[in-house]
Amino acid sequence: MSSTTRGPTATAYASAGDLAAALRRAAAHGEHEARIGAEDPDWPDWYARYMVSERASTESS
């Protein structure tokens, strides 16, 4: 990780594989869409919040 100061929602991944794994975990949002029977027009916002939150949990472990 760089020494650049990052904001409270900055998210860094160690590698492309690490990011790909996070995207696969976030794909669970598709299950939400299946349950509600419609596409979620705000899915990018959901994914962004999910990935930032998930990464913050990983970094604090």
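Figure 1. The backbone nitrogen of Asp18 sits 3.1 Å from a polar atom of the Ser15 side chain. The model shown here is predicted. Ser15 belongs to the segment before α1. Its relative accessible area is 39%, so Ser15 counts as partly exposed.

Figure 2. An α-helix makes a turn every 3.6 residues, so residues three or four places apart point the same way. Helix α1 covers residues 16-26 and has the highest confidence in the chain, with a mean pLDDT of 85.

Figure 3. The structure contains 1 salt bridge. Its partners are Glu54 and Arg25, with the closest N and O atoms 2.4 Å apart. Glu54 comes from helix α3 and Arg25 from helix α1, so the pair joins distant parts of the chain, 29 residues apart. How accessible are the two partners? Glu54 is buried, at a relative accessible area of 14%. Arg25 is partly exposed, at 38% relative accessibility. Arg25 is also in contact with Tyr50.

Figure 4. Tyr47 is placed in helix α3. Its relative accessible area is 18%. The cut-off for a buried residue is under 20%, so Tyr47 counts as buried. Which residues does Tyr47 touch, not counting those up to four places away in sequence? They are Ala26, Ala27 and His29. The C-alpha atoms of Tyr47 and Ala26 are separated by 6.4 Å. Along the chain, these two residues are 21 residues apart.

**Figure 5. Tyr50 and its contacts.** Tyr50 also lies in a helix, α3. With a relative accessible area of 25%, Tyr50 is partly exposed. Setting aside neighbours within four places in sequence, Tyr50 is in contact with Ala22, Arg25 and Ala26. Arg25 is the salt-bridge partner of Glu54. Tyr50 and His29 are 21 residues apart in sequence. Their C-alpha atoms are 9.5 Å apart in space.

**Figure 6. The whole chain, for orientation.** The protein chain has 3 helices and 0 strands. Its pattern along the sequence is α-α-α. Of its 61 residues, 16% count as buried. The chain exposes about 4,600 Å², and carbon and sulfur atoms supply 56% of that area. Among contacts with a separation of 6 or more, 58% come from residues 24 or more positions apart. The Glu54 and Arg25 pair, 29 residues apart, links helix α3 to helix α1.

**Figure 7. Confidence along the chain.** The average pLDDT of the protein chain is 77. A score of at least 70 is reached by 77% of the residues. Where is confidence lowest and highest among the helices? Helix α3, residues 43-60, is lowest, with a mean of 79. Helix α1 is highest, at 85. Residues 1-5 stay under 50 in pLDDT. For residues 1-5, the model has 3 contacts beyond four places in sequence.

How values were computed. Residues are numbered from 1 along each chain as its sequence is written. This is a predicted model: local features need pLDDT of at least 70, side-chain atom pairs count only at pLDDT 80 or more; totals for chains, interfaces and linings use all residues. Side-chain values use heavy atoms; hydrogens and water are left out. pLDDT is the predictor's confidence in each residue, from 0 to 100. Helices (H or I, at least four residues) and strands (E, at least two) are DSSP runs, numbered from the N terminus. Contact means heavy atoms within 4.5 Å. A salt bridge is a side-chain nitrogen of Lys or Arg within 4 Å of a carboxyl oxygen of Asp or Glu. Buried means under 20% relative accessible area, exposed over 50%, partly exposed in between (1.4 Å probe, protein chains only). Accessible areas come from the Shrake-Rupley method with a 1.4 Å probe; for residues, only the protein chains shown count as cover. A polar contact is a pair of N or O atoms within 3.5 Å; within protein, one must be able to donate a hydrogen and the other to accept it, and residues adjacent in sequence count only if both atoms are side-chain atoms.
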